[in-house]
Amino acid sequence: MSSSPVNPSALDSLSMSSLLSGDVEGEDERGTEEGEEGLGDLEVNPYDGLPFSSRYYTMLEERQKLPVWRLRQNLLEHLESNSMVLLSAPSGSGKSTQVPQWCVEYALSYEFSQGLVCCSQPYSVAAVSLALRVADEMDLSLGLEVGYRVSHDDSCTPDTLLRFVSDSLLLEELMSDPLLHQYGVVVVDELQERTVATDVLLGLLCDVCRQRPDNFRVVLLTHPTLASRLASFLGTSVPHLTVDASSEEGEETETRDVRVVETMYREPSGKEPVAAACHTVLDLHRRGEEGDVMVFLASAQEIETCASLLETECLALSPQLGTLKIVPLHARLGGLTQRVFEPNPDASTLKENESCEDAKGLVLEPGGHGVKRKVILTDALGEASFSLPAIRYVVDTGLQLKTVYNPQIRANSQVLRTISKHQADMRTERVNSGLPGLCVRLYPQSVYEDGMAEAHCPGVMEENLSHLVLLLKRLDIADMGQCKFLDRPAPEALMQALEDLDYLAALDDDGNLSEVGIIMSELPLEPSLAKALIAACEYDCVDEMLTIAAMLTAPCCFVVADPSREEAAVSHWRALMHSEGDHMSLICIYNAFMEHNQDEAWCSTNFLSYAALRLAVVIRAELLEVMQRIELPVSPPAFGCQDNCTNIKRALISGFFLKVAHDVDGLGNYLLLTHRHVAHLHSFSSYTCREPRPLPPSWVLFHEFTISCDNCIRVASEVHPQMLVELTPQYFLGNLPPSEGKDLLLELRQDLDSQMSGLDGELSSHSRTHRDTDGTAETESSNELCVLQ
């Protein structure tokens, strides 16, 4: 490091190092008496100056029993002499909570002169959860010394010493500060998740370490399944610390519980995975043995379906079996994910709430005094994040619903696929009880051995890379070959991303970012939406486009109602629909929400998501702040007039001209112009909800198309083909692949040219006739003028 650490004896009185290691006696030259008098100083938290609470010492004892604790001293020593350290440990070993705290100790030894400590997570909800837990363990207040920063939520202050952030936001920080000067230590956690942002961070942080060798440290945390691959990628110069069961034989057995887990495979029973998982949970509950259950399902929708099934099935259970508390756990829940840490309801609580809570934490009580247990229903989020005590049973469906981007057709596909062997093993490791555990895999052993890949496919191989390429261009990485990837993206995916950015005018003739591209990179939006917002400045509809961008970025605001209430939901939505299409309807819904003072009861009445609309309010405010910061003009509201709606559509076409479709048969079957897929309007569309139901528009611009069981285009608005020809003729008349839609647009352009020629001819003829009455000389002069013109 460029600056020397503070005196060790002084550090003992400032930091927790001596307290945590237990080495607090016999090393002072001040004598025994002064040492005893100084013990009071050691009990003061060095980060806020307040005495440690009794809870701190209780949690400290628990922390010291974690498997990862034995690596603490090794890690601190390696940080002194190495810019980067790799640490691998199984799920539940404590690496995500302990390593960031040790890094804060390391930074404290240099009095934070090299910068703060940052810990990145692939999931925003995990970053928030870890910040809460670590602040508690450090006996500090969340939002002061320890904080989190994720999309649309920031609890950090300038004085925050330890920040938990999402990996995507840390990547954005690199745009404004490529060397991350405010940080002295960066911890990248859960590398085995292989998100796009995590993989890119890995390569970029290697470059930062080379440019800041004396005052920057990176700690990489991963599951052992990826450790050998990472170690080979990083080279022998990066030390590798490991935690595995075989190396702990010399430790005292009482320091940690030995996990004994039996794996049971089941042959296909003909049931749907959700139903099979539900019945397995009930079978385990009927055993009457203690322990919570964690169920791995394919998607958030399956989680909600399984919760409803369990609610229904529990009504028929014996009243002597005890209580089930159903807790969904997936990324869409946001802050509600913290309910997984709530204790099981005791008898007094259950008597007060005999029926149940809501679906986010459903308490199902047959009414007896049997075993009270939690059932956590989760998806891939629960594989490594949210380590929970008392999990004795794991039910694994072996499936996951993945969204895979196809660059050739510029569309996502929802693919239900089997998980990898590494994922299956990580799910088994979720058993975290001192009692003998059981993992029930709802698939045959042959599927695990022969039908599963070793590891899941990384995000850079399956996602749209347009935003990533825009970011790398902003970092002056013109050639993708300059960025180190653990797995390189497919060349066709990179070429398609570059082509899309070129269509959006984000690149100049040399392939670097244009002025428009630089502005697009400042906006926290997908490139197409960012371009539409920039175009709104030209068409004087920025206020409305800000609302549309916020509503499209937030989750869907419509709540899926039960079949018995679908008609009631549609009738409420109908009053908020706009005749000009779904984009205008989103503005109507947002404005109505604001007019009702963001009332949650109003949302519930109208079958709208309060959380989604509240998030849209936050996103809109953030976008407006960015617009004002980079000094883009913000036009006043003008929603309601026809000219404004037309201008909004013009701005949308500027960003989404690659997402246009036309009705091929007049029945609402839309052929997408960029490829030959046929889709139809989503059931939430204003064109399908309104009464009387209007005829399907001939041409629509849409926001999203996903190849799935229903093949719907979502958020669609009617556009006139003349707009397409006028605003983006280069693409629609030149680059668009041959299709019936292109032929129609070419015919339209020819008709427009003919009309313009005819109009010019009429004007010229009228001019000549008018001038004939004024004499021959003047007529000849005017004819010559027409030729010149």
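Two residues are in contact here when heavy atoms of theirs lie within 4.5 Å. Keep that in mind as we walk through this structure, which is a predicted model.

Let us begin with the whole chain. There are 789 residues, and buried ones make up 52% of them. The secondary structure amounts to 30 helices and 22 strands. If we take the contacts in the chain with a separation of 6 or more, 74% of them are between residues 24 or more positions apart.

A single residue shows what such contacts look like. Find Cys 439, which sits in strand 17, residues 437–441. Is Cys 439 buried or exposed? Its relative accessible area is 0%, and buried means under 20%, so Cys 439 is buried. Setting aside the neighbours within four places in sequence, Cys 439 is in contact with Val 261, Glu 262, Thr 263, Met 264, Val 394 and Thr 428.

Next, turn to the helices, starting with helix 5 (residues 72–81) and helix 6 (residues 95–109). Their axes come within 10 Å and cross at roughly 45°. That angle makes helix 5 oblique to helix 6, and the crossing of the two is right-handed. On the helix 5 side, the meeting residues are Arg 72, Leu 75, Leu 76, Leu 79 and Glu 80, and across from them in helix 6 are Val 99, Trp 102, Cys 103, Glu 105 and Tyr 106. By kind, the residues of this contact between helix 5 and helix 6 are seven nonpolar, no polar and three charged.

The angle is about 140°, and the axes are 7 Å apart. Helix 19 brings Ser 528, Leu 529, Lys 531, Ala 532, Ala 535, Ala 536 and Tyr 539 to the contact, and helix 25 brings Asn 647, Arg 650, Ala 651, Leu 652, Ser 654, Gly 655 and Phe 656. Sorted by kind, the residues where helix 19 touches helix 25 are eight nonpolar, four polar and two charged.

Helix 20 (residues 542–553) has a partner as well, helix 24 (residues 610–629). Here the packing angle is about 130° and the axes are 8 Å apart. Helix 20 and helix 24 are therefore oblique to each other, and their crossing is right-handed. From helix 20, Val 542, Asp 543, Leu 546, Thr 547, Ala 549, Ala 550, Met 551 and Thr 553 meet Leu 613, Ala 616, Ile 619, Arg 620, Leu 623, Leu 624 and Met 627 of helix 24. The residues of the contact between helix 20 and helix 24 comprise eleven nonpolar, two polar and two charged.

Now look at Ala 554, in the loop between helix 20 and helix 21 (566–574). With a relative accessibility of 7%, Ala 554 counts as buried. Which residues does Ala 554 touch, not counting residues up to four places away in sequence? They are Ala 612, Leu 615, Ala 616 and Ile 619. Of these, Ala 616 and Ile 619 also take part in the contact of helix 24 with helix 20. Ala 554 and Ala 612 are 58 residues apart in sequence, yet their C-alpha atoms are 5.9 Å apart in space.

We finish with the aromatic rings, which pair when their centres lie within 6.5 Å. By this rule there are 14 aromatic pairs. One of them joins Phe 52 and Tyr 56: the ring centres are 4.0 Å apart and the planes are at 15°, so the pair is stacked. Both of these residues, Phe 52 and Tyr 56, are buried. Another pair, Phe 593 and Trp 602, is tilted, with 6.4 Å from centre to centre and 40° between the planes. Phe 593 and Trp 602 are buried too. Lastly, return to Phe 52 and Tyr 56: together with Tyr 57, they form one aromatic cluster.

Note on methods:
Residues numbered from 1 in each chain as written. Predicted model: local features only at pLDDT ≥ 70, side-chain atom pairs only at ≥ 80, totals over all residues. Heavy atoms only, no water. Axes fitted to C-alpha atoms, helices over the stretch in contact; angles between N-to-C directions. Helix = DSSP H or I, 4+ residues; strand = E, 2+ residues; numbered from the N terminus. Parallel < 35°, antiparallel > 145°, perpendicular 65-115°, else oblique. Left-handed = near helix turned anticlockwise from the far one by under 90°. Nonpolar A, V, L, I, M, F, W, Y, C, P; charged D, E, K, R; others polar. Phe/Tyr/Trp six-rings, centres within 6.5 Å; stacked < 30°, edge-to-face > 60°. Buried < 20%, exposed > 50% of the residue type's maximum accessible area, 1.4 Å probe, protein only.
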